[in-house]
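Here is my note on the model, point by point. Please keep the structure open while you read.

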Amino acid sequence: MDRFFEQVYAILAQIPKGQVISYGQIARLLGYPRAARQVGRAMRCCPENLPWQRVVMSDGSIAGGVFAEKRRAMLKDEGVTFLPDGRVDMSKNSWLG
């Protein structure tokens, strides 16, 4: 497995229930502030035992294509709050690492 991916997954494993982080925030935590897309690639291969649903876009939008609604439901079950337009309320739910 790619070392960068392993680092992404190590951060992912630390995100508490009911909180989220953006792709860009993960990249910055790893010291690669311009690597949000690479974090996205890592998320496509994410091991099932990690809380993959807790990674969202920087504006709180939920990515995931066919899995977006499943991700939204999982986040709601964890107590994540949403804005009226359907985005995660990043001001209340962001995990800063």
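1. Is Ala35 buried or exposed? Ala35 counts as buried, because its relative accessibility is 14%. (Buried means under 20% relative accessible area, exposed over 50%, partly exposed in between, with a 1.4 Å probe and protein chains only.) Ala35 sits in the loop between helix 2 and helix 3. Helices (H or I, at least four residues) and strands (E, at least two) are DSSP runs, numbered from the N terminus. Ala35 touches Phe4 and Ala27, leaving aside residues up to four places away in sequence. Contact here means heavy atoms within 4.5 Å. From Ala35 to Lys92 is 57 residues in sequence and 25 Å in space, C-alpha to C-alpha.

2. A word on the basis. This is a predicted model, where local features need pLDDT of at least 70 and side-chain atom pairs count only at pLDDT 80 or more, while totals for chains, interfaces and linings use all residues. Residues are numbered from 1 along each chain as its sequence is written, and side-chain values use heavy atoms, with hydrogens and water left out.

3. Now the helix packing. Helix 1 (residues 3–12) and helix 3 (residues 36–44) have axes that come within 9 Å and cross at roughly 80°. Helix 1 is therefore roughly perpendicular to helix 3. Helix 1 brings Phe4, Phe5, Val8, Tyr9 and Leu12 to the contact, and helix 3 brings Gln38, Val39, Arg41, Ala42 and Met43. These residues divide into 8 nonpolar, 1 polar and 1 charged.
   - Axes are lines fitted to C-alpha atoms, for helices over the stretch in contact, and angles run from 0 to 180 degrees between N-to-C directions.
   - Angles under 35 degrees count as roughly parallel, over 145 as roughly antiparallel, 65 to 115 as roughly perpendicular and the rest as oblique.
   - Ala, Val, Leu, Ile, Met, Phe, Trp, Tyr, Cys and Pro count as nonpolar, Asp, Glu, Lys and Arg as charged, and the others, Gly among them, as polar.

4. Next, the cores. The largest nonpolar core has 21 residues, and Val8, Ile26, Val39 and Met43 touch the most other members. (Such a core is a set of buried Ala, Val, Leu, Ile, Met, Phe, Trp, Tyr and Cys residues joined through side-chain atoms within 4.5 Å.) Helix 1, helix 2 (23–29) and helix 3 each supply at least two of its residues. Helix 1 gives the most, with 6 residues. Val39 touches Phe4, Val8, Tyr23, Ile26 and Ala27, not counting residues up to four places away in sequence. A second, separate core of 8 residues includes Val20, Ala68, Leu75 and Val80.

5. How many salt bridges does a search of the whole structure find? It finds 4. (A salt bridge is a side-chain nitrogen of Lys or Arg within 4 Å of a carboxyl oxygen of Asp or Glu.) One joins Arg3 and Glu6 at 3.8 Å, N to O. Arg3 and Glu6 are 3 residues apart in helix 1, so about one helical turn separates them. Arg3 is exposed at 57% relative accessibility. Glu6 is partly exposed at 35%.

6. Another salt bridge joins Glu78 and Arg54 at 2.9 Å, N to O. Glu78 lies in the loop between helix 4 (68–77) and helix 5 (90–93), and Arg54 in the loop between helix 3 and strand 2 (55–56), so the pair ties together parts 24 residues apart in sequence. Both Glu78 and Arg54 are buried.
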